[in-house]
Amino acid sequence: MPFDTCTVVPRQTTRQETTLDSISELELFQAIVERGGISHAAVALHSSPAAVSRRLRQLETRLGVSLANRSTRRFDLTDEGRLLYERAAAILESVRDVESEVSSRGTVARGLLRVGAPSDLGRRQLSTLLAQFARLHPGLEITLLLSDAGIENMPDGCDVVLRFGLPSDEGMVARKVATSEMLIVAAPSYLERHGHPATPEDLSAHNCLRLFRRHRAPGPWRFLQQSGWLDVHVRGTLASADGAVLREWALAGEGISCEAAWDVAEDLTAGRLVRLLPSHPMQGIELYVVFAPGNPVPPRIRLLVDFLTREFGQDLRQV
């Protein structure tokens, strides 16, 4: 049979190859959306804009829908494009979890890791620890979100959250990693102008710096007495959802602040702040690391939780 009359039978595409192609297409589409268009995605993917555009058209042809309205300056997702992007992000994260679990056998952390924490704790201790953890696991990308407004895992999109007190979501796993005293402190300059409070009740006559939590007004300062707990409702001209701001105000002599011992230990040692009412202990504060349950928990989360539990247990001391 002459060669030019031969029929070439196309090789059958296996289901496995189709699945792998689909994952590759989802990764391509995610890159286009997150990079803001085809040209930027091409740079990130080490490809050409023409090749990326061609693959996007092939994906749209296979799905039978338009995924984006695009021009030289704009790249706007259609409703179908937004749906695909949202589902693709979840699918690809699951794929990364599976790959990490299988390839590392649970000993190496890989993929994306979003961590939330209170501001002062994040800046003073956690940022250094996360950098150390990232050096131990080069395949990991860590994003740190800091806020004292009350970060939650699901609403704020965090894999791991460090928080003071148990989470409101009972479906989360919470592991206690450290306990600290709460201290009443003020700068010498404030005390020179306004004097020292002798009892917890005297705080009502002072300018107290108050911390806001998510959707909640500042609560009372709680002291332990022989008869039980005493709640003192303090007042003041300054309040913030950022604990670091309260500490800076205290250092500037603007008022009296209630601080975790580990946040002001250096300031007390250096004399920048003075501890007040030492004979009236306050309710302690417990630091938890919070994450979603899983079977198994992804290595990047499990290994970080173990690391933080070990490191915080060693580094955070009571004053």
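Helices (H or I, at least four residues) and strands (E, at least two) are DSSP runs, numbered from the N terminus. The model is predicted: local features need pLDDT of at least 70, side-chain atom pairs count only at pLDDT 80 or more, and totals for chains, interfaces and linings use all residues. Residue numbers start from 1 along each chain as its sequence is written, and side-chain values use heavy atoms, with hydrogens and water left out.

Valine 234 sits in the loop between strand 10 (228-232) and strand 11 (239-240). Its relative accessible area is 10%, and valine 234 is therefore buried (under 20% relative accessible area, with exposed over 50% and partly exposed in between, for a 1.4 Å probe and protein chains only). Cysteine 208 is 26 residues away from valine 234 along the chain, and their C-alpha atoms are separated by 6.3 Å.

Next comes a sheet. Strands of a sheet pair through backbone hydrogen bonds, either parallel or antiparallel. Here two strands count as paired if DSSP finds at least two bridges between them. Five strands form an open sheet in the order 4-3-5-14-6, with mixed pairing. Strand 4 (140-146) and strand 6 (173-180) are at the edges and have a single partner strand each, so one side of each is left without a neighbour in the sheet. From one strand to the next, the twist averages 20° (axes are lines fitted to C-alpha atoms, for helices over the stretch in contact, and angles run from 0 to 180 degrees between N-to-C directions). Seven bridges join strand 6 to strand 14 (residues 285-291) in the antiparallel sense; lysine 176 has tyrosine 288 of strand 14 as its bridge partner.

Aromatic contacts follow. Rings of Phe, Tyr and Trp (its six-membered ring) pair if their centres lie within 6.5 Å; planes under 30 degrees apart count as stacked, over 60 as edge-to-face and the rest as tilted. This rule gives two aromatic pairs. In one of them, the rings of phenylalanine 133 and phenylalanine 307 have centres 5.2 Å apart and planes at 40°, so the pair is tilted. Phenylalanine 133 belongs to helix 5 (residues 119-136) and phenylalanine 307 to helix 9 (residues 299-315), so the pair ties together parts that are 174 residues apart in sequence. Both phenylalanine 133 and phenylalanine 307 are buried.
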